[in-house]
There are 2 protein chains.
Amino acid sequence: MSATKITAPEGQPFVDIEREFDAPRELVLRAYREPELIKQWLGPRQYEMRIDRWDARDGGEYRYVHTDGTNEYAFHGVFHSFDMDSMVQTFEFEGAPGHVSLDTQVLEDLGNGRTRVKGHSVFMSVADRDAMVEAGMKVGVEDGFNRLDELLPTLRTPVGAAS
Amino acid sequence: MSATKITAPEGQPFVDIEREFDAPRELVLRAYREPELIKQWLGPRQYEMRIDRWDARDGGEYRYVHTDGTNEYAFHGVFHSFDMDSMVQTFEFEGAPGHVSLDTQVLEDLGNGRTRVKGHSVFMSVADRDAMVEAGMKVGVEDGFNRLDELLPTLRTPVGAAS
């Protein structure tokens, strides 16, 4: 399992996140784009994720809810652009309406079946960025990536499966 | 006519824009939200503006084209949140796909029928911000605001018009 690198430079309204996965880029892409897969890894381990909307196209909307059975935390945004190896989307926690970030994910093919995910999120202000970091972003991101690490091997087509 | 204040601090991925208008906030809001009005002021004076999509709601898409008869410059994005006095939207010039900014407009009621517009745009990188500033953003913004200054008085209901 790789380490997650989170960088939040003082006085700048952004966060950078990097993590490597021992899986080819096609699989990591699928895990980021297919709602049935994303439900299985995005966010802290103790929450169930329910997806209300997931229109994965340039201009499409999404909304999802994390719940521990008692509390619900809802998030929504729009996908802005999709590429073979990157995506851009907005992100808003409905508990803090009007505070939006713009998130870019780039998936780098490292060869040898490995992939690096580079996330860059810009916020409306340094205060918004700091609030997100202090709200426990690190734990959520780390938990999610660890779950993704567990999910990815299960997506491989077993050798000889079609025979 | 008021001066436009544009601030692009060195090494930071954002631009701030401020301008005051001699019109009440309701009128300025209409000029920002109604496509038939926005066509009349947004962007440089020498271009016609054609609006292909304008779905003014949280999660709605927009697309418009500036043309001088020969060249066409297309832009698209999504509206993210609307409030009585603010809006958040993404913005992408189709000539530079994948380079998106997140723009916030806040309309402040200054009393005495005057309104201050405060725009804050964050970019994916300082390089993206610099490219936008160097692409002549200042001229486009200034031209647009001057046209808005001319448009706003024509939106007032003349005293006694209904009698």
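In this predicted model, a salt bridge (a side-chain nitrogen of Lys or Arg within 4 Å of a carboxyl oxygen of Asp or Glu) joins the side chains of B:Arg57 and A:Glu61, with an N to O distance of 3.0 Å. This pair crosses between chains: B:Arg57 lies in the loop between β3 (48-54) and β4 of chain B, and A:Glu61 in strand β4 of chain A. Strands are DSSP runs (E, at least two residues), numbered from the N terminus.

Local features need pLDDT of at least 70 and side-chain atom pairs count only at pLDDT 80 or more, whereas totals for chains, interfaces and linings use all residues. Residues are numbered from 1 along each chain as its sequence is written, chains are lettered from A in the order in which they are written, and side-chain values use heavy atoms, without hydrogens and water.

A salt bridge also links B:Glu61 and A:Arg57 (3.0 Å, N to O). Here B:Glu61 belongs to strand β4 (residues 61-67) of chain B, and A:Arg57 to the loop between β3 (48-54) and β4 (61-67) of chain A. Within chain A, the side chains of A:Arg30 and A:Glu34 form a salt bridge at 2.9 Å, N to O.

Accessibility is classed as buried (under 20% relative accessible area), exposed (over 50%) or partly exposed (in between), with a 1.4 Å probe and protein chains only.

| Residue | Relative accessible area | Class |
|---|---|---|
| B:Arg57 | 36% | partly exposed |
| A:Glu61 | 18% | buried |
| B:Glu61 | 17% | buried |
| A:Arg57 | 36% | partly exposed |
| A:Arg30 | 34% | partly exposed |
| A:Glu34 | 32% | partly exposed |

A network of salt bridges connects A:Glu18, A:Glu20, A:Asp22, A:Glu108, A:Arg114, A:Arg116 and A:Lys118. Over all chains, the count is 38 salt bridges.

Technical notes:
Helix = DSSP H or I, 4+ residues; strand = E, 2+ residues; numbered from the N terminus.
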